[in-house]
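Hi,

Here is the structure I promised to pass on.

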Amino acid sequence: MDELDERLMRRALDEARRCLTWGDVPIGAVVARGDAVLAASGNERERRQDPTAHAEVLALRGAAERIGRWRLDGCTIYVTLEPCAMCAGAIVLARIERLVYGAADPKAGFCGSLGDLVRDPRLNHRVEVTSGVLAEEAGELLRAFFRARR
């Protein structure tokens, strides 16, 4: 495992843990250019009562605001859980170069599990994907959250 990928995934896991304070599903995302973090966020659907307030979307918005443009060329997004269809679409539209995610999501993941939107050859942009980075830690955080809610 690449040292930078592991370090930035740990940062995404920190963002995921913060979600627990407001009762949201613990998923975190970080957008970086090289080793410089541009934005980081956790899920805020419950906090904002906004169905689009996924960690990835919030981190993409923050990164675009920080650099002053919507094209996030040369950036990598680190996400603790495989992105859903909405987030995968946002990643493609933001022109993210690379996606690194932790745990696979066989029920809703759209970066290899249910579909593969980020690498669809019919689209005008494709994203390089690295999966399984700190997958066990990311998966256990989610399992513990849902066990506590049952």
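Which element supplies the largest share of the lining of the largest pocket? That would be H5, with four residues. Before you go further, keep in mind that this is a predicted model.

The volume of the largest pocket comes out at about 510 Å³. Its lining is made up of 20 residues, and Val25, Ile27, Leu81, Asp105 and Phe146 are the ones that lie nearest the centre. By type, the lining splits into ten nonpolar, seven charged and three polar residues.

Next, the core. The largest nonpolar core has 43 residues, and Val31, Ile96 and Leu99 are those with the most contacts inside it. As general background, nonpolar side chains in soluble globular proteins tend to be buried together.

Leaving aside neighbours within four places in sequence, Val31 is in contact with Ala36, Val37, Leu38 and Ala39, with Ala59, Leu60 and Ala63, with Cys75, Thr76 and Ile77, and with Ile96.

Now the cysteines. How many disulfides are there? The count is zero. Cys19 has 0% relative accessibility, so it counts as buried. Cys75 is buried too, also with a relative accessible area of 0%.

Last, a couple of backbone angles to check. Most residues other than glycine have a negative phi. Arg95, which is not a glycine, has a positive phi of about 65°. Arg95 sits in the loop between H4 and E4, and is buried, at 15% relative accessible area. Leu134 is another case, with a positive phi near 55°. You'll find Leu134 in the loop between strand E5 (128-131) and H5. Leu134 counts as buried because its relative accessible area is 11%, under the 20% cut-off.

Cheers

Note on methods:
Residues are numbered from 1 along each chain as its sequence is written. This is a predicted model: local features need pLDDT of at least 70, side-chain atom pairs count only at pLDDT 80 or more; totals for chains, interfaces and linings use all residues. Side-chain values use heavy atoms; hydrogens and water are left out. A disulfide is a pair of cysteine sulfur atoms within 2.5 Å. Buried means under 20% relative accessible area, exposed over 50%, partly exposed in between (1.4 Å probe, protein chains only). A nonpolar core is a set of buried Ala, Val, Leu, Ile, Met, Phe, Trp, Tyr and Cys residues joined through side-chain atoms within 4.5 Å. Contact means heavy atoms within 4.5 Å. On a 1 Å grid over the protein atoms alone, a cavity is a set of points where a 1.4 Å probe fits but cannot get out, and a pocket is an open set with protein on both sides within 12 Å along at least five of seven lines; lining residues have an atom within 4 Å of a point. Grid points are joined across faces, edges and corners, and a volume is the space filled by probe spheres set on the points. Helices (H or I, at least four residues) and strands (E, at least two) are DSSP runs, numbered from the N terminus. Ala, Val, Leu, Ile, Met, Phe, Trp, Tyr, Cys and Pro count as nonpolar, Asp, Glu, Lys and Arg as charged, and the others, Gly among them, as polar.
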